[in-house]
Amino acid sequence: MIEDKNTPRTALSELGEFGLIQHLTKKFKISQESTVYGIGDDAAVLDFADKKCVLTTDLLVEGVHFDLAYMPLKHLGYKAVMVNLSDVYAMNATASQITVSIAVSNRFPLEALEELYAGIHSAAKLYNVDVIGGDTTSSTTGLLISITALGHAKQEEIVYRNGAKENDLLVVSGDLGAAYLGLQILEREKQVFAVNPNEQPDLTPYTYLIERQLKPEARKDIKALLKALDVHPTSMIDISDGLSSEVLHLCTQSNVGANVYEDKLPLDPTVISTCEEFQLNSTTVALNGGEDYELLLTISQEDYPKIKANPNLTVIGHITDQKSGVGLVTRANEKIELQAQGWNPIKE
Ligand code: ADP
Ligand code: MG
């Protein structure tokens with residue numbers, strides 16, 4: 001954390017736990033019909049009427065999932081919400097509530113938590129979700145933040161990972177690899193800063209990449225888009241651990257195989273140029289980079305005409321039988337087996 005001596009630093013002990021919770025949550029207003037009661041009692045009360053409720057949770061740990069040397073707390077708050085909403089959208093559900101739990105050490109002043117909560121607040125407002133509760137405790141080491149997101153959908157709208165069928169098309173939203181490259185840029189600047197703190201790097205050419213890393217946006221729009229196009233995916237998953245690993249998850253759960261075509265992978269021009277600069281293979285980055293928070297889905301071939309002109313969706317391959325395995329068909333028309341190189345915290 002870069003500490004500015006001019007900004008005020010209010011010790012958390014000045015407020016006490018209840019004062020702190022009240023201070024951090026006073027801006028949150030309830031706007032969802034399904035929220036009967038939010039923050040303030042022993043538990044929140046929700047009513048999803050005739051809808052099914054989906055629930056997902058994620059835990060982010062300082063030093064494992066984020067580095068405060070280049071991750072501003074406001075962005076961290078925003079990103080922590082996105083990580084969860086992305087999972088709700090991957091069920092083809094509408095996100096409506098979140099809870100936020102934090103463990104903080106006393107090296108954080110109140111102002112730091114205000115920043116974190118400013119990011120959470122802006123994400124909640126923009127994505128139209130109510131913050132309905134959480135928990136606050138102390139940590140003897142780093143910062144921990146755990147968010148739980150709730151959403152709802154009609155039973156027939158929900159899309160699981162296990163519904164992909166042979167001959168379905170494999171489709172991805174947005175583009176791939178940018179968030180990983182954003183991290184490489186930030187890591188590089190951190191090293192440069194360590195050697196020469198006065199150097200002001202020009203990061204303008206990398207704006208898109210850095211934004212994808214520091215301020216990812218979850219694909220709230222895809223449910224509405226698919227509905228408008230009258231397409232119901234047969235399966236769906238969010239791409240947080242890299243495309244390879246998510247294609248493998250989807251195929252394992254659906255008992256199918258898949259061919260992904262190298263020349264179809266959607267890459268932003270800055271991904272291509274930055275891969276050249278870093279001497280990285282752009283296909284490897286797109287397949288294994290991770291943190292793109294896009295959605296991977298399968299659709300029936302019949303639905304192809306409905307999506308083919310849509311700039312948000314790219315067909316990258318198709319589903320095969322399980323025996324054929326999961327492979328990448330290269331530009332040279334060779335098939336190589338896809339391996340999950342996505343980030344796996346257990347292996348670290
Ligand atoms: P309890 O003793 O039941 O755990 P708390 O005093 O921790 O209750 O919390 C009081 C209220 O504030 C509850 O509604 C809880 O969900 C909410 N809350 C606590 N911590 C947070 C937080 N970090 N962010 C948002 N809401 C919180
Ligand atoms: Mg509590």
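This report walks through the ligand site, a surface patch and the salt bridges of a predicted model.

## Around ligand 1

Let's start with the ligand. Its shell holds 14 residues, and Gly40, Tyr117, Gly133, Gly134 and Thr136 come nearest. By type, the shell divides into 6 nonpolar, 5 polar and 3 charged residues.

Several backbone atoms sit at polar-contact range. An oxygen atom of ligand 1 lies 2.9 Å from a backbone N or O atom of Gly40, and a polar backbone atom of Asp41 is 3.3 Å from an oxygen atom of the ligand. On the nitrogen side, a backbone N or O atom of Gly133 is 3.5 Å from a nitrogen atom of ligand 1. The protein covers 76% of the 550 Å² of accessible area that the ligand has on its own. Helix H1 (16–25), strand E4 (94–104) and strand E5 (130–138) are the elements that each give two or more residues to this shell.

## A nonpolar patch

Val36, Tyr37 and Val45 make a nonpolar surface patch of about 260 Å². Val45 belongs to strand E2 (residues 45–46), and with 40% relative accessibility Val45 counts as partly exposed.

The model has 15 salt bridges in total. In one of them, the side chains of Glu277 and Arg188 meet at 3.0 Å, N to O. Glu277 is in helix H8 (residues 269–278) and Arg188 in helix H4 (residues 178–195), so this pair ties together parts 89 residues apart in sequence. Both partners are partly exposed: Glu277 has 42% relative accessibility and Arg188 has 29%.

Another bridge joins Arg331 and Glu262, with their closest N and O atoms 3.4 Å apart. Here two loops are linked across 69 residues: Arg331 is in the one between strand E12 (326–329) and strand E13 (335–337), while Glu262 is in the one between strand E9 (257–261) and H8. Arg331 counts as exposed at 57% relative accessibility, whereas Glu262 is buried at 11%.

## A further pair and a network

Asp321 and Lys323 also form a salt bridge, at 3.3 Å from N to O. Asp321 is partly exposed, with a relative accessible area of 23%, and Lys323 is exposed at 76%.

Finally, salt bridges link Asp175, Arg212, Arg219, Asp221 and Glu294 in a network. Which side chain does Glu294 join through a polar contact of 2.5 Å? The partner is Ser173. Glu294 itself is located in strand E10 (residues 294–299) and counts as buried, at 1% relative accessibility.

Notes: Residues numbered from 1 in each chain as written. Chains lettered and ligands numbered in written order. Predicted model: local features only at pLDDT ≥ 70, side-chain atom pairs only at ≥ 80, totals over all residues. Heavy atoms only, no water. Near = heavy atom within 4 Å. Polar contact = N/O pair within 3.5 Å; in protein donor to acceptor, adjacent residues only side chain to side chain. Areas by Shrake-Rupley, 256 points an atom, 1.4 Å probe, with all protein chains shown as cover. Helix = DSSP H or I, 4+ residues; strand = E, 2+ residues; numbered from the N terminus. Nonpolar A, V, L, I, M, F, W, Y, C, P; charged D, E, K, R; others polar. Patch = residues over 30% accessible without salt bridge, like charges linked within 9 Å, V, L, I, M, F, W, Y side chains within 5 Å. Salt bridge = Lys/Arg side-chain N within 4 Å of Asp/Glu carboxyl O. Buried < 20%, exposed > 50% of the residue type's maximum accessible area, 1.4 Å probe, protein only.
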